[in-house]
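Please read this note with the structure open beside you. Each point can be checked by eye.

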Amino acid sequence: MKVGFIGLGNVGGKLSGSLLRNGVDLVVHDLNADLVDAAVAKGAQRGESPAQMMRNCDAVITCLPSPAASDAVMQEMLPEVGPGKIWMEMSTTDEAEAKRLGALVIEKGGAAVDCPVSGGCHRADTGNISIFAGCDRETFERILPFLTKMGRRILHTGDLGSASVLKVITNYLATANLITCCEALVTAKAAGMDLNTTYEALKISSGTSFVHETESQVILNGSRDISFTMDLVKKDIGLFQEVADRAGVPLEMNPLMMKIFDDGIERYGPRELSPNIIRRLEDSTGLDIRAPGFPPEMVDDEPEEPGYEVIPQGR
């Protein structure tokens, strides 16, 4: 199967790298020519345009920063969609938008999947990330072989759009974890606790989380670098808010989190690294939340393993 990949940013560049590393016939495209050159140097073919890629590939993956970007690319690809073609949306996007664009593909005889990833850029780099896939079962079975080349745990979430709902739910939880980890670390420092000991106490306790075990490390290093920015957090929890609003759920935590990130963006800029939301508390307390011995960025030290389908409990 020939696969096109559009969007070679922090996540897309790593996912496409896993496809290349595992022998997939890959064509790539990005507005940043340097990113395309780097992928071509690793063995990818250079795509001329989204339309040309949909015309010449069996499946085209989009991994883009916003629903608007995905829409723009889809409008270019749509004339080339037909029976046998697959569009895979790996961006974090709105459920309704995934369904709308997917319906355009399906109307022309193609298949559509929303298949966002979760688990951090460091796991995207090694093929150990998790992938959600929303589509009919027949399409899922067609794409499963190369999903397992990009990720370790692959979950069929149901119909088109279901993966996008679950993705923004997980990002909401990750954001809540980040904010509470920041408050916990600053409070520990203010209370006179050693931050290295604090990190370990949280890690081995009921208060631990994936976010603590990863993002707290780069917070304590001072780099705050997880290759994710405040504007992207705000987009993601905004999408979660839209899901809740459509479902009539009166959220309390998420509106507060959106205000916190609005304030962080106003103070530090939209492209500030997201863990630097802790600077709001550092600035207000005068405390420096750093400690020795933590890495500047997360690296996945687990060996790459063959991917597999995750079967929901009780099935």
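1. Ground rules. This is a predicted model, in which local features need pLDDT of at least 70 and side-chain atom pairs count only at pLDDT 80 or more, while totals for chains, interfaces and linings use all residues. Residues are numbered from 1 along each chain as its sequence is written, and side-chain values use heavy atoms, with hydrogens and water left out. Helices are DSSP runs (H or I, at least four residues), as are strands (E, at least two), numbered from the N terminus.

2. A pair of helices. Two packed helices are described by the angle between their axes and the distance between the axes. Take helix α9 (residues 195-203) and helix α10 (residues 210-221). They pack at an angle of about 170°, and their axes are 11 Å apart. Axes here are lines fitted to C-alpha atoms, for helices over the stretch in contact, and angles run from 0 to 180 degrees between N-to-C directions. So α9 and α10 are roughly antiparallel. The cut-offs are these: under 35 degrees is roughly parallel, over 145 roughly antiparallel, 65 to 115 roughly perpendicular, and the rest oblique.

3. Who makes the contact? From α9 come Leu 195, Tyr 199, Leu 202 and Lys 203. From α10 come His 212, Glu 213, Ser 216, Gln 217 and Leu 220. Contact means heavy atoms within 4.5 Å. By class, the α9 and α10 contact has four nonpolar, three polar and two charged residues. Nonpolar covers Ala, Val, Leu, Ile, Met, Phe, Trp, Tyr, Cys and Pro; charged covers Asp, Glu, Lys and Arg; the others, Gly among them, are polar.

4. More on α10. How far apart are the end C-alpha atoms of α10? They are 17 Å apart, which agrees with the 16 Å that twelve residues should span at 1.5 Å a residue. The expected span is 1.5 Å times one less than the number of residues. Helix α10 is mostly covered, with nine of its twelve residues buried. Buried means under 20% relative accessible area, exposed over 50%, and partly exposed in between (1.4 Å probe, protein chains only). Among the buried residues are Val 211, Val 218 and Ile 219. The buried residues of α10 pack against α6 (121-124), α8 (162-190) and α9.

5. A buried serine. Ser 274 sits in the loop between α12 (253-268) and α13 (279-285). Is Ser 274 buried or exposed? Ser 274 is buried, at a relative accessible area of 1%. Leaving out residues up to four places away in sequence, Ser 274 touches Leu 178, Ile 226, Phe 228, Thr 229, Met 230, Val 233 and Phe 261.

6. A buried leucine. Leu 147 belongs to helix α7 (residues 137-150). Its relative accessible area is 0%, so Leu 147 is buried. Leaving out residues up to four places away in sequence, Leu 147 touches Met 88, Ile 131, Ala 133, Phe 140 and Ile 154.

7. Salt bridges. How many salt bridges does a search of the whole structure find? The search finds 21. A salt bridge is a side-chain nitrogen of Lys or Arg within 4 Å of a carboxyl oxygen of Asp or Glu. One joins Arg 100 and Glu 97 at 2.7 Å, N to O. Both lie in helix α5 (residues 95-107), three residues apart, about one turn of the helix. Arg 100 is partly exposed at 38%, whereas Glu 97 is buried at 16%.

8. Further bridges. Asp 263 and Arg 267 meet at 2.8 Å, N to O, in a salt bridge. They are four residues apart in helix α12, so about one helical turn separates them. Asp 263 is partly exposed at 21%, and Arg 267 is partly exposed at 45%. Asp 236 forms a salt bridge with Lys 235, with the closest N and O atoms 3.7 Å apart. Asp 236 counts as buried, at 3% relative accessibility. Asp 94, Glu 95, Lys 99 and Arg 246 are linked in a network of salt bridges.

9. Positive phi. Just after α10, Gly 222 has a positive phi of about 105°. Arg 224 is a residue other than glycine, with a positive phi near 60°. Arg 224 lies in the loop between α10 and α11 (230-247), and at 4% relative accessibility it counts as buried. Ser 227, in the loop between α10 and α11, also has a positive phi near 60°. Ser 227 counts as partly exposed, at 24% relative accessibility.
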